[in-house]
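Please look over the sequence and the structure below before reading on. The notes that follow are grouped by topic.

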Amino acid sequence: MSESSVSFTSQPKFGIACVLLGTFFFACKGIFIKLAYAYGITAAPLLMLRMLFALPFYLAMALWLHQRSQMALSQKNLIQIVGVGLLGYYLSSLLDFWGLETISAGLERLVLYIYPTIVVLILAVWKKKVVSTKEKLAMAVAYVGMIFIFLHELQLQQNFSNTMKGGLLVFAGAITYAFFVVMTSEKAKEVGSLTFTTYCMLAASVGVIIHNLIFIDLRELNQPHPVYWLALALAFFSTVIPSFLMNKGIASIGASKAAIMGSIGPVITVFLGAWFLDEAITLSQLIGAGLVIGGVSLVGKK
């Protein structure tokens, strides 16, 4: 049975559910990374462990799709999907991991989730997409909330230069991810979200492995046992599951709405950071969180 034959998965409500659930799992990513960093591992080897643990799941999915004759792609589509995968899950992830070495999980998620504004701008310029009044209002409310939390987090940091360095790295990751989201919206519909995600993640995994073989000492992969468990959790709960959920959601409801709804992610990370990492949470953060949730709610009503 092909993906297109399952009518329920094409419904907007199912797409919204995929985006929201995928956003939650992605929001846990920074928590797993910061917990692993506490053991002394750095960005590149942790990213390699993440992709090594995730790789078997994607290989299994590729085999399953191949047996059902759903993996046949033209050379053009294959090249495009591999390129998008390297952009969205290799380069963007590497920049994000580097940034998390110097900033908190909550601040990382806030900077990364600037990407909805970039997505909307790309769609407006490239695809001549008209941004509705409700979308503009939702973005305004959500981003006022994000700015609230962002400014407060900056005041808490002891080293301003490290904060800016980490923030700029994550922002660069947000730009690459925004292009990935826009490209995902079209290509996932064309070839099917399962096939698209599988090829994307296989390409990203190969990219990460090659990067580490060239640039790091593989002895850095020798880590305490808790790091491997955290990397496994990072691979399964914050890579495999949300990658399929988000790409299916984007294919169902479109890149613009998925991006705006995903802005609830920083709120989730702020509370998880306070719970697991003892990151400060204050009244100004709660006000900002409320504004973000309010902005997302406006989109949800539509």
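**Briefing on the predicted model**

F25 is buried, at a relative accessible area of 17%. The model is predicted, and the protein chain averages a pLDDT of 83.

**Confidence**

- Of the residues in the protein chain, 89% score at least 70 in pLDDT.
- Helix α2 (residues 29-37) has the highest confidence in the chain, at 95, whereas helix α13 (residues 283-301) has the lowest, at a mean of 70.
- Over residues 1-9 the pLDDT stays under 50. The model has 14 contacts beyond four places in sequence for residues 1-9.
- Where pLDDT is low, the predicted coordinates should not be read in detail.

**Aromatic pairs**

- There are nine aromatic pairs in the structure.
- One of them joins F25 and F237, whose rings are stacked, 6.5 Å centre to centre with 25° between the planes.
- Because F25 belongs to helix α1 (residues 12-27) and F237 to helix α10 (residues 225-253), this pair ties together parts that are 212 residues apart in sequence.
- F25 is buried, but F237 counts as partly exposed, with 36% relative accessibility.
- F24, F25, F57, F236 and F237 are linked into a cluster by ring pairs.

**Helix α3**

- Helix α3 covers residues 43-67, which is 25 residues.
- At 1.5 Å a residue, α3 should span 36 Å, and its end C-alpha atoms are 36 Å apart, so the two values agree.
- At A54 the helix α3 bends by about 35°.

**Cysteines**

- With sulfur atoms required to lie within 2.5 Å of each other, the count of disulfides is zero.
- C18 is buried, with a relative accessible area of 4%.
- C28 also counts as buried, at 13% relative accessibility.

- T176 lies in helix α8 (residues 160-191).
- Its relative accessible area is 12%, so T176 is buried.
- Apart from neighbours within four places in sequence, T176 is in contact with L87, L91, S92 and L95.
- An α-helix has 3.6 residues a turn, so residues three or four places apart point the same way.

Conventions. Residues are numbered from 1 along each chain as its sequence is written. This is a predicted model: local features need pLDDT of at least 70, side-chain atom pairs count only at pLDDT 80 or more; totals for chains, interfaces and linings use all residues. Side-chain values use heavy atoms; hydrogens and water are left out. Helices (H or I, at least four residues) and strands (E, at least two) are DSSP runs, numbered from the N terminus. The expected span of a helix is 1.5 Å times one less than its number of residues. The bend at a residue is the angle between axes fitted to the seven residues ending there and the seven starting there. pLDDT is the predictor's confidence in each residue, from 0 to 100. Contact means heavy atoms within 4.5 Å. Rings of Phe, Tyr and Trp (its six-membered ring) pair if their centres lie within 6.5 Å; planes under 30 degrees apart count as stacked, over 60 as edge-to-face and the rest as tilted. Buried means under 20% relative accessible area, exposed over 50%, partly exposed in between (1.4 Å probe, protein chains only).
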